[in-house]
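Please read the following report beside the sequence and the model.

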Amino acid sequence: MYASRTIVANAVNSRDHTTLVAAVKAAGLVETLSGPGPFTVFAPTNAAFAKLPAGTVDTLLQPANLATLQSVLTYHVVPGRVTAQDLMGLIRAGGGQARLTTVQGGTLTARMMGGQVVLVDARGGMARVTQANVMQSNGVIHVTDTVSMPG
């Protein structure tokens, strides 16, 4: 990944994010996430998508489910450039948790758990940030181990 490239330009070259890239393309979000931003993207790995129930990804990628796919993907995007340091500061200031409003309109709740940032989604699912602060020209990516689901 190169800090001089956009979120999409870098994700396309990540072997761990081929499912995410396919989903972003299917959802028609390439142009948006290539824009000036800045954006903070919590990017699930291929292994994170593989943890979903069998057939979920294939179903989401069908044209008839475009709105649902867009909702799931934009639930992983927060406006602005929120670094891990910023996020930990927000968690401390929030008494142990920070509520992040996503581009989708829902809320992700960030907490510290065993020294790691954990995101709790609208359904109570937890995603760990496994790699933080992957800087991009139009934002920052934090790699996660689970797909977060909106309500």
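## Helix H2 and its cover

The buried residues of helix H2 are covered by elements that include helix H1 (7-11), helix H3 (30-34), S1, helix H4 (46-50) and helix H6 (66-74), where contact means heavy atoms within 4.5 Å and helices (H or I, at least four residues) and strands (E, at least two) are DSSP runs numbered from the N terminus. In H2, which spans residues 18-26, the buried residues are Leu 20, Val 21, Ala 23 and Val 24; buried means under 20% relative accessible area, exposed over 50%, and partly exposed in between, with a 1.4 Å probe and protein chains only. They cover an arc of only 160 degrees around the axis, which puts them on the same side of H2, the arc being that of the directions from the helix axis to the C-beta atoms. An α-helix has 3.6 residues a turn, so residues three or four places apart point the same way. After H2 comes Gly 28, with a positive phi near 70 degrees.

## Basis of the model

This is a predicted model, in which local features need pLDDT of at least 70 and side-chain atom pairs count only at pLDDT 80 or more, while totals for chains, interfaces and linings use all residues. Residues are numbered from 1 along each chain as its sequence is written, and side-chain values use heavy atoms, with hydrogens and water left out.

## The sheet

Seven strands form an open sheet with mixed pairing, in the order S2-S1-S7-S6-S5-S4-S3; two strands pair if DSSP finds at least two bridges between them. Strand S2 (77-79) and strand S3 (97-101) stand at the edges, each with a single partner strand, so one side of each is left without a neighbour in the sheet. On average, and with direction ignored, neighbouring strands are turned by 30 degrees against each other, axes being lines fitted to C-alpha atoms, for helices over the stretch in contact, and angles running from 0 to 180 degrees between N-to-C directions.

Strand S7 (residues 139-144) pairs with strand S1 (residues 39-44) in the parallel sense over six bridges, in which Val 41 has Ile 141 as its bridge partner and Pro 44 stands opposite Thr 144. With S6, strand S7 runs antiparallel and is joined by five bridges, and the two form a hairpin with two residues between them; Gln 136 has Gly 139 as its bridge partner there. Six of the six residues of S7 are buried, with Gly 139, Ile 141 and Val 143 on one side and Val 140, His 142 and Thr 144 on the other.

## Helix H7 and Ile 91

Helix H7 (residues 84-93) packs on the sheet and touches S1, S3, strand S4 (107-113), strand S5 (116-120), strand S6 (126-136) and S7, its direction making about 120 degrees with that of S3. Ile 91 is found in H7 and is buried, with a relative accessible area of 3%. Leaving aside residues up to four places away in sequence, Ile 91 touches Gly 96, Gln 97, Ala 98, Ala 110, Arg 111, Met 112 and Val 117.

## The chain as a whole

The secondary structure comes to seven helices and seven strands. The radius of gyration, taken over C-alpha atoms, is 14 Å, close to the 15 Å that the globule rule gives for 151 residues, so the chain is as compact as a globular protein of that length; the rule is 2.2 Å times the number of residues to the power 0.38. Buried residues make up 44% of the 151 residues.
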